[in-house]
Amino acid sequence: MKQLQRMFLAGFLVSFMSVTSQAASFEKYFVKLIRFEGKGFGINQEIWGKKNFTKAEAFKIHKKYYWNKYHGDLFRSQEVAETLIDHIINAGEGRNSVNIRAFEAVIGVPQDGKLSKEDVQVANSFVQCEYVVNPYVNYRLHFYGSRKNAKKYPGWTIRARTFGIFDEDNNMLADFLVLPDILIGKSPEEELEEPTEELAAKVD
């Protein structure tokens, strides 16, 4: 009996370690994030308070209100999780949650602007992560390029491209653009949310 219990426990631990080893890691992403954000660690003082935030405080804020909110730990691919969540940190969800809808368009689920755990499971079903990552990178480039301050802040597109997946000849794999329905049918007078000046300054 004890031997069976030990075998069951060993099997459970192997299974648990296999699952957790495939999960995306905020700790890995945070190293990249603070390199992008530089001084201030990307914490908008207009939202979080007029103070100098420590690296540890920034870690907690980004993890709780961005990584955890968008189910970062449920993504199997580090690249997919980072590509999406970095855009939300940098540019927000956008008006009518256009940036979430764009991700939903890429993975082929209903575009309701609310990233669900079921949506993440669909993203996880892609065998090759570049088929999610690169179309969303191209969406990010499209999004930034359509901003009126795009030329003023070239760091936006530089940052987005760093998440792309390229072959040995530096060609982007799965290099196509997928737009959400809300953009395809958008009327000329409908404006999408601009990144704030504070966010724009952080990517330069």
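**Core and salt bridges of an all-helix predicted model**

The largest nonpolar core holds 49 residues, of which F75, L84, F103 and L115 touch the most other members; such a core is a set of buried Ala, Val, Leu, Ile, Met, Phe, Trp, Tyr and Cys residues joined through side-chain atoms within 4.5 Å. The elements giving two or more residues to this core are helix 2 (26–37), helix 4 (55–67), helix 5 (78–91), helix 6 (98–107), helix 7 (117–124), helix 8 (130–145), helix 9 (155–161) and helix 10 (181–184), and helix 8 supplies the largest share, eight residues. The model is predicted, so local features need pLDDT of at least 70 and side-chain atom pairs count only at pLDDT 80 or more, while totals for chains, interfaces and linings use all residues. Residues are numbered from 1 along each chain as its sequence is written, and side-chain values use heavy atoms, with hydrogens and water left out.

**Overall make-up**

- The protein chain has eleven helices and zero strands, where helices (H or I, at least four residues) and strands (E, at least two) are DSSP runs numbered from the N terminus.
- Of the 204 residues in the protein chain, 44% are buried, where buried means under 20% relative accessible area, exposed over 50% and partly exposed in between (1.4 Å probe, protein chains only).
- Among contacts in the protein chain with a separation of 6 or more, 68% are between residues 24 or more positions apart, a contact being heavy atoms within 4.5 Å.
- The accessible surface of the protein chain is about 11,600 Å², and 56% of this belongs to carbon and sulfur atoms, by the Shrake-Rupley method with a 1.4 Å probe.

**Around L84**

- Leaving aside residues up to four places away in sequence, L84 touches F75, N99, F103, L115 and Y136.

**Salt bridges**

- The whole structure contains five salt bridges, each a side-chain nitrogen of Lys or Arg within 4 Å of a carboxyl oxygen of Asp or Glu.
- E82 pairs with K32, with the closest N and O atoms 2.7 Å apart; because E82 lies in helix 5 and K32 in helix 2, this pair ties together parts that are 50 residues apart in sequence.
- E82 is buried, at 6% relative accessible area.
- R140 and D86 meet at 2.8 Å, N to O, and since R140 belongs to helix 8 and D86 to helix 5, the pair ties together parts that are 54 residues apart in sequence.
- R140 and D86 are both buried, and salt bridges that share partners join E37, D86, R140 and R159 into one network.
- E57 forms a salt bridge with K51, the closest N and O atoms being 2.9 Å apart; E57 is partly exposed at 27% relative accessibility, and K51 is partly exposed at 36%.
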